[in-house]
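Trainee: Could you walk me through a structure that is new to me?
Mentor: Gladly, here it is.

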Amino acid sequence: MSRWSSRVQGLCDDPSCPFHGLARLRVVSATAFDVKGLRPPEIFMSLAHGQVCHGPNDLPEAIEQCLADKPDNWRKLQVPGKADRQVFFWARQSRWSALRALRMDELPSRAPDVEKYGITGVWAGILGRWDKALFWSVTTDWVRVQIDENAESA
Amino acid sequence: MRGWLDASMVAMTKRAMSKEGEEEARRLVESVRGVPVTPWDEGGGRGSRYDFNIGKDGALEVTSLADEGAEVVLRRASRATTSRPSSRLTRTWLVMVDMPNNFGLTSGTPSSAGWLTGSKTNSWRWSAGASRR
């Protein structure tokens, strides 16, 4: 670390240079991008480095976080006459741990905490893999589902 | 951490994300549930515009499991790291690979992930998991 730090000192003498901040944060790998409108430059944590998936239960956790972050998703469903309110989530790269969880053989062992939003069912699939997903409801718990190709072609 | 993202960039990402996968979700739900899954406006919906009706009693909203700010960053990163001649990229390169089965490079479990990194002075090296980064 000290050797790396002395190297970047030599690369950049400007005290506002992000290298020094990175060195203080003990960052060992960094990438710089030209981003218009980015004034002053800011450091953000990389999404691809060092993300950890703790297991299948990262999926319900990500779902809960997403519903808390975007209340529109459950508010839209609070309609009279619609007792069955479901949300379909397509997981993207930015929710890396959820993507990993969806690829695991094991299903989540806990239910997503969604009943407080009036949600009765949750679907979760990987963006681009359109034929399959996981489904959760109180009655089914987590199950794997996929398009019935025979029914499709019939 | 993502305060630099201006509102228009996030709004653009939100719009792009809201459309993608809607029809695919509709097909999947219809196939699994065995009932018609129809657009909101065909079911006499009022007020809130969820995406689809599931039969008579169900409503379905399709969305992304994503961090919108992070999606913008990833798109920028993807553009920046796309292979193309660049006079600025002369010192090192970094390739990150999500390898579910590691392609035999390590004896990791199928769920492990890692990175291949290389530079002009160092040969390719495999780093597994987060702890060694």
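Predicted model: local features only at pLDDT ≥ 70, side-chain atom pairs only at ≥ 80, totals over all residues.

Trainee: What does chain A average in pLDDT?
Mentor: Chain A averages 80, with 65% of the residues scoring at least 70; pLDDT is the predictor's confidence in each residue, from 0 to 100. Over residues 1–6 of chain A the value is below 50.

Trainee: Which residues touch the most other members of the largest nonpolar core?
Mentor: They are Ile63(A), Phe89(A), Trp123(A), Ala124(A), Leu60(B) and Leu65(B), in a core of 41 residues. Such a core is a set of buried Ala, Val, Leu, Ile, Met, Phe, Trp, Tyr and Cys residues joined through C-beta atoms within 7 Å, where buried means that 20 or more other C-beta atoms lie within 10 Å of the residue's own, with C-beta atoms placed from the backbone.

Trainee: And α3(A), which of its residues are buried?
Mentor: Asp58(A), Leu59(A), Pro60(A), Ala62(A), Ile63(A), Cys66(A) and Leu67(A) are; helices (H or I, at least four residues) and strands (E, at least two) are DSSP runs, numbered from the N terminus. Their cover includes β3 of chain B.

Trainee: Switching over, how many helices and strands has chain B?
Mentor: Chain B has three helices and six strands, in the order α-α-β-β-β-α-β-β-β along the sequence, and 26% of its 133 residues count as buried.

Methods. Residues numbered from 1 in each chain as written. Chains lettered and ligands numbered in written order. Contact = placed C-beta atoms within 7 Å. Buried ≥ 20, exposed ≤ 12 C-beta atoms within 10 Å, placed from the backbone.
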